[in-house]
Amino acid sequence: MSLVLGAFTMGLILSLLSLGTLISFRMIRFTDITVDGSITLGASVAAVCIMRGWNPWAATGLAMLAGACAGAVTGLLHTRFRIQELLSGILVMTALYSINLRIMGRSNIPLMNSASISSGTEKLLNRSGNPFEKWNLAGWEVPLPDIANLACAAVVCLIVAFLLTRFLRTHFGTGLRAAGNNPQMARAQGINPETMIILSLALANGLVALSGALLAQYQGFADVQMGIGMMVWGLASIIIGEALISRVGIGLTICGTILGTILFRLLIAIALRWGLQPNDLKLVTAFFVFAALVLPHGLAALKKRTHRGERHA
Amino acid sequence: MQLSQTKIKEGLVVKAVGRLDASWADLFMEGMLQEVRAGEHHLFIDASELTYVSSAGIRSLILLQKELFTVQGWFRIIHAVGMVRQTLALAGFEQWLLEKAPGKEEPCVREAVTDKPACFNLQWDAALSARAISAWNPWNPVRMDQCRKLVVDEQSFALGIGSAADTLDQSRELFGEFMAIQGCVAMQPPDEHSRPDYLVPEKSFLPELHSIQAILCRGAMSHLLRFSPRTEQPVHSLSTLITEAMRVTEASAIGFVIAGEIEGLVGASLLRSPGRITPETSTDFPAMRDWINFCGERMFSGEQALICGTALRNEQYHPQQGALLPLAEPGLFAHLHAAVFPYQPLPNGRIELAATVRRFFNGPPPRAVLHLLNDSRPGVGLGESALLRGACWCATLSNPEVL
Amino acid sequence: MLELVNLHKTFMPGTANEVRALQGVSLTIQPGTFAVLIGSNGSGKSTLLNAVAGSFAPDAGTIRLNGCDLTRLPEHRRAARIGRVFQNPFAGTAAEMSIAENLALAMHRGKHRSLRPALTRNARTQMADRIRELKMDLENRLDNPIGTLSGGQRQALTLLMATWTRPDLLLLDEHTAALDPKSAAKVTALTQSIVQREKLTTLMVTHSMQQAVDMSDRIIMMHRGAIVQDYRDEHKQRIRIPDLMAAFDRLARRELFDESVADLLKSQYA
Ligand SMILES: Nc1ncnc2c1ncn2[C@@H]1O[C@H](COP(=O)(O)OP(=O)(O)O)[C@@H](O)[C@H]1O
Ligand SMILES: [Mg+2]
């Protein structure tokens, strides 16, 4: 049960990353690799601040801001200096590696006994005063901190999802989506797609950094390597989400992405349980994304062929 | 609908196989007009294998009749039987239904092959007297004081650059190519948007032209040549026509009017009135392109041209000092202007110049008026204008020295 | 009133592929005029429209609209005053967004984009009313992605979007050329009715001589990056298709008029 609970919490936290990826990849259509650096940036900023005794919420907020800055820089590199999308992302990601090391001062910060955003919730829920209190959930004994973590992640995730949905449905949000969908049309409607790219990347990487901050607090450490491959995880989650909910529409897409991330984490948890080497995880994910990108075309071609066959018959 | 042709002494037998209905009437009509164009003005439509005639078919026959009427031609329907015969009779073609073609219906050679165009003597002692106006030497400014008013009466034809405006002052902006025959004038206004204009004399009115450059010929024509494509000479270039006209008139200087179906014309016409040229104006290439329009390809194939001009055979002639320009044939010089009209058939045989000119000018308006050139540029040259068939009226020029 | 003064634009200057797409175009279009731009392929019509719309800055020259200098303004800053329909029916709308969202974008063309919901009930009613006039049965499909519509429907919507808030200038770049004949006729009729009703100043590129003659108050012909003909007022009224064809013909002939022809004329036109 704690495995499922863990996967859920992890899924909720990483769904913020997926939402960020959703904005950059699907909304503004920018192949943004900054993600791999900005998730670490979020984690490291939050970790350092919490270590210094900051309020975890404030630390998380600052992490988010840092991520937004990183995203904006990528956007500026692309729009103002005409550097290719991928390259501007790589530049910022590479720079962030050193910056993260600088922020943390070393390659790893443990946060085992520090406060986190779930500390308050935990205190609130804890009626017995016993730090090792366990709750009985449908017959399972679950440690209270796990429940607090899950609740916090869920609340943050819900708030973000709600705000994001609202935002994308405003005049500004529609303009942003139009800029990604058809820049020429956006310009003709008086929208500057370049500004939109910068803002979207800031928003996306802000969310990614938020996810990183929560991840560090949940896992209990920030590590300079933790960002590697995160972009692909986000992408995989989006793809699963799109498979789950294929209807277009902002609300549904966002729900789908969150559900997709959770499902993805569950699948990983199960796979690990069955003996998948954690080291192979990234290879499996990459293969999965490859298959998801290629299979639809293959399927369509196959379908067409059978169709033609029928008509001939 | 299939058409097959057999030439007989009395005309051309066209055998029509199939149904003459709305679907086929246009094709039938096209085939028949093709024959009229080729000079076959007496047609026998063999209806033995015509299975059906509808009102659309009747209509095409009436149109064909109308077309033939203008050239004093006719058609008859032979071997019509059954329903076809009945339908045609009821439609009023009774008197044109023949049992069979006259004579033996024996095939004979399609075109009477003569070595030379057919020649008719009109008036053996007729001669033309010429008058030249030259107030403009391209591309200098016009000497307005030397402009003259030109009246082309029933006895004359003329070609040149001028304008039909009321006063000389108004004309200044309007000088363009013209050609005039027996009072009928076709002219190209010198601006890009205007279509060629034309004037036809009415009772006491004779068009008057302010000319800055012109050749006027007065008098009667002595000969008429009729030319058509022959195996050894499918098209008639202006040089060959002029040479032939000089041969029949036994003259080395002639004036002539040609009417005929165009194979291709090569020419130029003004885009801007020379009256606008001042000493400061540049008319060199590329500015020249704003002043004059060159055809660029052989134009107006299949339409009818009315061409008039004067020609001279004289090895000593200096084109720079006179009004004539070198033709393709060495020693031959001419000045030629053409008016292009939509195609209409010409009657065969001996035809009147006056009637022919009137036919052109009473029909649809001219499509272009141009100065004809001999494009002798090596390699890319378009050559000389040429006609397929038509008529050439000519007479000797009694005073070639004015040219 | 649109004023273009001596516009120049050279693509890829200094290379072998240098194209002098605009070579000194000057043009003034009075308010309420429906001007049509014709010319052979590559004569610079689209380039001229793009310059006016602001897709690129001209190398030289001035663009003024109603007295306001637009020359250095980026494209999206001109959108408030200029409505635009492209040749490609897919270029003017965002395919993955719904009809309503696309229209909402157009209702705020060039205006400040706030953080208020774009699709209010009020906006939707307005949209449904306007779309009903198209008689394309789209008023009940407001939430369908616009990418599911046909090219003709999308082009009609693009036109509606370009004119939703009255533009000072409407630019149409062969906007019916990529449509099937029936849709093209429909979009043409719609164009005419909107332009007439709103009395829009319009600059339209077309390949159809028929459209040029029927729809316009003024026909401008371009060739090799320059305006070579400008039929207006009573001259425009007498123009028919054959006149335009003849004008094209003259242009083609002018191309064949080279130095050798000039020499020929010196000896043959004396
Ligand atoms: N962005 C561009 N880059 C390079 N050349 C261009 C560009 N846009 C247009 N051209 C060239 O400019 C010329 C004019 O093009 P255009 O304005 O599209 O002509 P049209 O009159 O057919 O609309 C063409 O030769 C075209 O190849
Ligand atoms: Mg001449």
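Here are some exercises, each with a worked solution, on a predicted model.

**Exercise 1. Polar contacts of ligand 1**

Task: work out how far the oxygen atoms of ligand 1 are from polar atoms of C:Gly42, C:Lys45 and C:Thr47.

Solution. Take the backbone first. A backbone N or O atom of C:Gly42 sits 2.7 Å from an oxygen atom of ligand 1. For C:Lys45, a polar backbone atom is 2.9 Å from a ligand oxygen. Then turn to the side chains: C:Thr47 places a polar side-chain atom 2.4 Å from an oxygen atom of ligand 1. To finish, look at the cover as a whole. On its own, ligand 1 has 560 Å² of accessible area, and the protein covers 62% of this.

**Exercise 2. The magnesium site**

Task: identify which residues coordinate the magnesium ion (ligand 2), then decide whether B:His335 is buried or exposed.

Solution. Look for the donor atoms around the ion. They are NE2 of B:His335, NE2 of B:His337 and ND1 of B:His371, at 2.1 to 2.5 Å. Along the sequence, the donor residues follow the spacing H-x1-H-x33-H. Now check accessibility, remembering that buried means under 20% relative accessible area. B:His335 has 6%, so this residue counts as buried. B:His337 has 1% and is buried as well.

**Exercise 3. A helix and its partners**

Task: explain why helix α3 (residues 99-107) of chain C is described as largely enclosed, and find which helices its buried residues pack against.

Solution. Count the buried residues first. Nine of the nine residues in this helix are buried, so the helix is largely enclosed by the rest of the structure. Among them are C:Ile99, C:Glu101 and C:Met107. Then follow the packing. In chain A the partners are α7 (171-181) and α8 (183-188), while in chain C they are α4 (121-132) and α5 (151-163). Now step back to the chains: of the two pairs that touch, A and C have the most contacts. Chains A and B do not touch, and their nearest C-alpha atoms are 36 Å apart.

**Exercise 4. Backbone details**

Task: locate A:Arg82 and B:Phe300, and decide whether each is buried or exposed.

Solution. Start with A:Arg82, which sits in the loop between α3 and α4 of chain A. Its phi is near 55°, a positive value in a residue other than glycine. With 61% relative accessibility, A:Arg82 is exposed. Move on to B:Phe300, in the loop between β19 and β20 (304-313) of chain B. Phi of B:Phe300 is also positive, near 65°, but this residue is buried, at 13% relative accessibility.

The bond from B:Pro138 to B:Trp139 is cis, with omega near -5°. Another cis bond runs from B:Phe285 to B:Pro286, with omega near 0°.

Conventions: Residues numbered from 1 in each chain as written. Chains lettered and ligands numbered in written order. Predicted model: local features only at pLDDT ≥ 70, side-chain atom pairs only at ≥ 80, totals over all residues. Heavy atoms only, no water. Polar contact = N/O pair within 3.5 Å; in protein donor to acceptor, adjacent residues only side chain to side chain. Areas by Shrake-Rupley, 256 points an atom, 1.4 Å probe, with all protein chains shown as cover. Donors = N, O, S within 2.8 Å, 3.2 Å for Na, K, Ca; no water. Buried < 20%, exposed > 50% of the residue type's maximum accessible area, 1.4 Å probe, protein only. Helix = DSSP H or I, 4+ residues; strand = E, 2+ residues; numbered from the N terminus. Contact = heavy atoms within 4.5 Å.
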